Amino acid sequence: MGASGPTRRWAAFLGAVAIVWAMAVPPAVAAARGYRTEDHMIDVVDGPAGDQHVAIDATLYIPSGVDAAHPVPAIIGAHGFGQDKHALAGEAAFLARRGYVVLLYSARGFGNSTSKIGLDSPDYEVKDVRQLVDWLGGRPEVRRDAAGSLVGMFGESYGGGMALMAAAYDPRIRVIVPIVTWNSLVRSFLPNDVSPPQPGVFKQAWASVFLGGLSGLSPGSLRSGMPLVPSPCPAFVDAVCAAYVATAEAGQAPPEALALMAASSPSSVMSRIKVPTLLVQGESDTLFDLSEAAASQAAIAANGAPVKTVWIPGGHSALPALNAGSTAQRIQSLAGAWFDRWLKADASVNTGPAFEWYDAATKRYVAGATPAGGASRTLFLSSDGRLTDQAQSARPGVLPFMNPAGGQPAALSQDPTGGFFSGLPPLDIPGQNAFFETAPLPRAVEVVGSPHLRLRLSSSTSELVAFVKVEDIATDATVTLPGGLVGAIRLTGLTPGVPKDVDVTVPALAHLFKAGDRIRLVLAATDSAYANQRTAAIYGITLDPAAGLALSLPTAAVPVGGGHVTAFAVVAAVVLAGAAVLVLTRRRSPAVPVGAVVGAAGADAVTISGLSKRFRGGLVAVDDLSLSIGAGQVFGLLGPNGAGKTTTIRMLLGLVYPTAGSAAIFGETMRPGHPVLSRVGTLVEGPRFVPHLSGIDNLRLYWRAGGQPLSEAHMEEALAVAELGDAVNRPVRTYSHGMRQRLGIAQALLGRPELLILDEPTNGLDPQQMYEMRQLWWRPVRWPSSWGPRRPSTSRSTTPRPPRGRSALSPAPAG
């Protein structure tokens with residue numbers, strides 16, 4: 001169950017909505033896939049006064065053989081922010097085949113559901129879910145016991161918060177699986193990692209991703225009559241918008257904003273959550289870090305309920321790792337077992353240990369006690385910039401650093417918008433920080449949990465805002481900020497020039513510092529992801545080893561010789577498309593462990609069945625298209641402009657929802673952000689590169705932006721196919737158009753994709769360049785032998801415009 005990112009939807013569709021409607025899947029189709037579906041619009045009433053009518057768009061998945069005489073438990077699925085019910089279709093199918101009725105729904109303000117976003121509010125979304133439970137109680141397929149219907153719930157990110165909130169407010173929800181979500185919105189968006197906790201520094205970059213501009217607009221919200229009046233955040237209810245604007249403008253949250261965030265936080269109602277809970281959290285998540293799951297775990301365990309926590313690779317700030325096939329499959333397996341054990345009450349199911357984390361040393365999941373109970377390593381801060389484990393060798397002193405007027409320029413730790421800066425290493429501004437480093441480590445150190453730091457800080461003003469980072473300096477001087485994680489400090493009421501002792505709990509991390517690396521502690525005055533202090537100030541850190549001023553790192557044992565065997569089942573199927581493929585070109589995953597490959601074994605590379613797309617006004621772009629593309633084939637979509645090629649490709653990649661039919665890659669029915677896309681490479685028409693960088697540096701920057709090690713890019717093999725020679729070392733601005741296309745092909749081949757989709761690779765080339773580009777693909781000898789056999793079986797041809805806007809797709813004779 002891959003987590004979701006903050007996808008923005010721009011809606012431009014107006015239409016009428018019926019209060020209740022249903023559309024059933026034909027019985028033959030249902031029998032073939034093991035379940036049938038029904039689409040419904042469910043009328044609910046919410047709002048503070050209980051007078052707002054909302055139409056909730058939902059789909060019910062019913063396993064084959066389930067009826068009134070053979071009922072089964074039900075599970076509600078809640079999507080992430082910016083998505084809708086379709087985002088969880090793969091998870092619903094998995095659970096339906098496992099024997100559960102599954103209800104997916106689009107939350108208010110998303111997808112085709114009406115009204116505005118209330119941010120998982122008890123007055124809005126919580127009331128909606130309670131009425132969905134009511135609705136499930138009326139379905140004969142749902143099993144009941146003496147206490148009522150057997151209902152569980154899972155959710156991702158925004159939906160995960162909803163699962164926790166719903167369990168607190170509705171005891172009929174028996175089991176929950178919240179995935180990469182929050183415990184406290186106050187702490188998540190206004191972190192202050194000092195003790196005792198208090199509202200801190202506004203996480204402005206992340207907040208603007210969700211609430212800034214027209215983010216979140218949906219067709220349903222427009223249909224519900226949203227007035228066309230200028231608003232900073234028109235997709236949200238007025239109270240949420242007002243709270244965001246006030247906080248963003250001031251850089252601090254007013255009391256009413258804090259109250260609103262607290263009301264939508266499970267932390268405010270944790271004492272009510274007494275049901276079995278599986279918490280899944282990402283190790284690289286600067287939005288909802290591991291500490292959020294730790295807080296939920298501690299509270300639910302204190303209530304006496306069974307609880308399990310799993311740390312997984314990736315997170316909101318590392319979506320490629322989170323969506324990787326092995327991770328998504330792992331979450332599905334864990335959730336399935338959890339529901340089997342606690343919702344079906346199958347005592348024979350083993351759900352494993354109470355805590356698991358992804359170990360970077362072995363690339364495996366490790367079971368153990370919670371990080372709080374592990375060993376630790378203490379490092380003392382010295383005024384000469386050293387971090388040392390010998391207190392007697394640390395030197396006392398005072399190190400100053402400054403906060404600039406206006407809080408700019410600011411240090412760079414992470415770019416949650418996914419923009420250009422997201423691929424850059426951390427950057428600290430000279431004079432704005434104090435840092436301390438260890439000597440090269442004689443042996444590897446694995447940190448698992450929350451580092452603790454005791455500091456003595458002062459300011460030339462009555463306030464201080466600072467940021468704490470624990471960085472990894474590799475032997476080649478590469479700087480890594482594990483997980484992109486930053487601790488925030490906000491101190492008020494200081495006496496200028498008078499030091500104050502503070503205890504800081506840095507967000508939890510799981511990171512391996514290799515032998516030879518150095519651990520660096522940075523205390524910075526600014527961070528570009530936050531609302532920095534705008535008043536110019538001089539800060540000071542007083543160093544006194546005798547006072548216990550030190551960094552404590554929770555550590556885990558590192559296995560000797562721990563390795564990881566990986567394998568690729570390279571299919572080498574290539575789709576030649578004369579249609580635009582605009583996104584998903586950066587979804588690369590780490591090598592997938594044997595036995596954890598996404599996709600049905602032996603499935604065709606591409607399967608399209610009865611695919612149709614009808615747009616507003618009656619335009620039929622694709623009409624009842626069916627085809628399959630097997631391993632080793634080269635396939636072409638042929639047709640004039642407007643024939644529907646682009647629409648077909650968009651549906652294949654999950655960018656456009658079909659009106660009818662389905663599209664699958666490696667046996668996986670497509671949806672936005674599906675993990676199987678990590679096995680696909682694409683070449684976008686007119687590939688974009690940084691002109692002043694060399695070709696090879698552009699490829700390195702592109703790959704690093706996905707958060708993956710360069711060793712997994714297989715760059716030499718990709719460059720061998722592209723045949724750029726020594727030109728890869730020249731600035732891209734000196735390249736011809738044909739050379740840029742070749743570099744684009746190399747970029748698409750990074751990571752050894754199993755399926756390649758090319759978007760008019762000869763577009764804009766002269767005849768000679770077109771010939772050379774075609775030769776690149778039609779000479780099998782050029783395909784790297786390590787990728788397995790390549791058997792091209794088609795050539796190019798032209799086809800007249802098909803009737804009714806239908807695309808013509810046909811393999812041509814071998815050439």
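Phe189 counts as buried, at 11% relative accessibility, where buried means under 20% relative accessible area, exposed over 50% and partly exposed in between, with a 1.4 Å probe and protein chains only. The structure is a predicted model, in which local features need pLDDT of at least 70 and side-chain atom pairs count only at pLDDT 80 or more, whereas totals for chains, interfaces and linings use all residues. Residues are numbered from 1 along each chain as its sequence is written, and side-chain values use heavy atoms, with hydrogens and water left out.

Aromatic rings were examined next. Rings of Phe, Tyr and Trp (for Trp, its six-membered ring) are paired if their centres lie within 6.5 Å; planes under 30 degrees apart count as stacked, over 60 as edge-to-face and the rest as tilted. This rule gives 15 aromatic pairs. One of them is the edge-to-face pair of Phe189 and Phe288, with 6.4 Å centre to centre and 80 degrees between the planes. Distant parts of the chain are linked by this pair, 99 residues apart: Phe189 belongs to helix H5 (residues 185-189), and Phe288 to the loop between strand S10 (277-282) and helix H10 (290-302). Helices (H or I, at least four residues) and strands (E, at least two) are DSSP runs, numbered from the N terminus. Phe288 is buried, its relative accessible area being 3%.

A stacked pair is formed by Trp206 and Phe210, at 6.0 Å centre to centre and with 25 degrees between the planes. These two residues are four apart in helix H6 (residues 204-211), so about one helical turn separates Trp206 from Phe210. Trp206 is buried at 0% relative accessibility, and Phe210 is buried with a relative accessible area of 8%. Both belong to one aromatic cluster, together with Phe81, Phe110, Tyr158 and Phe236.

Charges over rings were also identified, the criterion being NZ of Lys or CZ of Arg within 6 Å of the ring centre and within 35 degrees of the ring normal. Arg330 lies over the face of Tyr365, 4.2 Å from the ring centre. For Arg679, the charged end sits over the ring of Phe666, at 4.1 Å from its centre.

With a disulfide taken as a pair of cysteine sulfur atoms within 2.5 Å, the count comes to one disulfide. This bond joins Cys233 to Cys241, with an S to S distance of 2.0 Å. The torsion about the S-S bond of Cys233 and Cys241 is about 100 degrees, and the disulfide is therefore right-handed. Cys233 is buried at 1% relative accessibility, and Cys241 is buried at 7%.
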